[in-house]
Amino acid sequence: MLNELIEKRYSPYSFSDRQIEKETIYKLFDAARFSPSSYNEQPWRFIVAPKSNEETYNNILETLVDVNREWAKQVSVLILTISQNEFSKNGKKNYHSEYDLGQFVAYLTLKAIEQDIYVHQMAGFSREKAVELFKIPEGYTPVTVIALGYKNENDEDKIKQRKELNEIVFENFFGK
Ligand SMILES: Cc1cc2nc3c(=O)[nH]c(=O)nc-3n(C[C@H](O)[C@H](O)[C@H](O)COP(=O)(O)O)c2cc1C
């Protein structure tokens, strides 16, 4: 079951006009918040914009590099992901906050694909613009923008090229 979801998932460039219900968006986040994080800090924050929230949606679009904006402007929901840089309890740098945020998004992605909703993550956006437009305070870093939507029926599943296991998993020393 989980394997099927992993195999089904990919990052589409073409999405359908069908909008994701607010309740469905809520459920995706509600499930993903049970992902693990260093010291259970949960250093993830999100600005979530369904297309119906025109102002926020357009502001997120505005942060994107042109090539991403071109395809992302059709998606049902845009999300700006933000990490908290320091631990709340002692102010020390949390070196794993972006790692934890990525894990949250991985959970959300699998929960979404279970319902035929596809996630396409983007690094191609302006952090500076995001900070300015969304009044993000010091101590927080915008990390990605993610697009969420039902995919276009005609969109062909992309063939995934992946490194071989022996290129990434070692037994003795790095590389061996
Ligand atoms: C952190 C991150 C940043 C990414 N940034 C972009 C991006 O700016 N634009 C884009 O089109 N795809 C982006 N992608 C999608 C990747 O290119 C894609 O996941 C990868 O090629 C593997 O393809 P698949 O997701 O279809 O399996 C990003 C993915 C991740 C995880």
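**Ligand shell and a few residues, in conversation**

Biologist: Which residue has a polar backbone atom 3.0 Å from an oxygen atom of the ligand?
Modeller: A polar contact here is a pair of N or O atoms within 3.5 Å; within protein, one must be able to donate a hydrogen and the other to accept it, and residues adjacent in sequence count only if both atoms are side-chain atoms. At 3.0 Å from that ligand oxygen sits a polar backbone atom of G124.

Biologist: What percentage of the ligand's exposed area does the protein bury?
Modeller: Accessible areas come from the Shrake-Rupley method with a 1.4 Å probe, and for residues only the protein chains shown count as cover. On its own, the ligand exposes 620 Å². Of that, the protein buries 65%.

Biologist: What pLDDT do local features need?
Modeller: Residues count from 1 along each chain as its sequence is written, while side-chain values use heavy atoms, with hydrogens and water left out. The model is predicted, so totals for chains, interfaces and linings use all residues, side-chain atom pairs count only at pLDDT 80 or more, and local features need a pLDDT of at least 70.

Biologist: Is S37 buried or exposed?
Modeller: S37 is in the loop between α2 (22-32) and β1 (44-50). Its side chain reaches the backbone nitrogen of Q42 at 2.9 Å, and a polar side-chain atom of S37 is 3.2 Å from the backbone nitrogen of E41. Buried means under 20% relative accessible area, exposed over 50%, partly exposed in between (1.4 Å probe, protein chains only). At 14% relative accessibility, S37 is therefore buried.

Biologist: What distance separates the end C-alpha atoms of helix α5?
Modeller: The expected span of a helix is 1.5 Å times one less than its number of residues. Helix α5 (97-113) has 17 residues, so it should span 24 Å. The end C-alpha atoms agree, at 24 Å.

Biologist: Is E98 exposed or partly exposed?
Modeller: E98 belongs to helix α5. Contact means heavy atoms within 4.5 Å, and leaving aside neighbours within four places in sequence, E98 is in contact with S83, R127, T141 and V143. Because its relative accessible area is 38%, E98 is partly exposed.

Biologist: What distance separates the C-alpha atoms of N154 and P12?
Modeller: N154 is in the loop between β4 (140-150) and α7 (165-168). With a relative accessible area of 65%, N154 is exposed. P12 is 142 residues away along the chain, and the C-alpha separation is 11 Å.

Conventions: Helices (H or I, at least four residues) and strands (E, at least two) are DSSP runs, numbered from the N terminus.
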